[in-house]
Amino acid sequence: MHTDTLPAPERQADLMHSIEHQPALSRRDRAVLLHLASLAFNGSSAIAGYREVAKSTGMDPRTVRRSLADLQRRRILYPVQRLDPYGGRLSNEYIIERGRIDGLDS
């Protein structure tokens, strides 16, 4: 069954399984992606700030920012900037590209 046809909780579990078993991901990137996947509200999108990710993973915030930048560079993760009604910045929404995770070279 194609993952797009699964209900959101099953897509989320499938995504987390792919992340856990992808040998081409560093421990750092795997931890960041697993945290974001645990927050995914539609199976592939999560809203989180880098400080929240750092606290949850036990990493330094700078390490998380480097990981997010590397994952974006590899086109595994796409940030969507969010603004409050007054134009202030909110935590980004991150879209996780499942197909890119499965297609990584080991």
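Helices (H or I, at least four residues) and strands (E, at least two) are DSSP runs, numbered from the N terminus. The structure is a predicted model, in which local features need pLDDT of at least 70 and side-chain atom pairs count only at pLDDT 80 or more, while totals for chains, interfaces and linings use all residues. Residues are numbered from 1 along each chain as its sequence is written, and side-chain values use heavy atoms, with hydrogens and water left out.

Strand 3 gives the most to the lining of the largest pocket, with five residues. A pocket is defined on a 1 Å grid over the protein atoms alone, as an open set of points where a 1.4 Å probe fits, with protein on both sides within 12 Å along at least five of seven lines; lining residues have an atom within 4 Å of a point. The volume of the largest pocket is about 280 Å³, taken as the space filled by probe spheres set on the points. Its lining comprises 14 residues, of which Gly49, Tyr50, Arg89, Asn92 and Tyr94 lie nearest the centre. At least two lining residues each come from helix 3, helix 4 and strand 3.

Asn92 belongs to strand 3 and is buried, with a relative accessible area of 15% (buried means under 20%, exposed over 50%, partly exposed in between; 1.4 Å probe, protein chains only). Beyond its neighbours within four places in sequence, Asn92 is in contact (heavy atoms within 4.5 Å) with Ala46, Ile47, Ala48, Pro79, Val80, Gln81 and Arg82.

The largest nonpolar core has 23 residues, of which Ile19, Leu33, Leu36, Leu77 and Ile96 touch the most other members. Such a core is a set of buried Ala, Val, Leu, Ile, Met, Phe, Trp, Tyr and Cys residues joined through side-chain atoms within 4.5 Å. Two or more core residues come from each of helix 1 (8-20), helix 2 (27-39), helix 3 (50-57), helix 4 (61-73) and strand 3 (89-96). Helix 2 gives the most, with five residues. Residues up to four places away in sequence aside, Leu77 touches Leu33, Leu36, Leu68, Leu71, Gln72, Tyr94, Ile95 and Ile96.

Arg75 is found in the loop between helix 4 and strand 2 (77-83). Its phi is near 60 degrees, a positive value in a residue other than glycine. Arg75 is partly exposed, with a relative accessible area of 44%.
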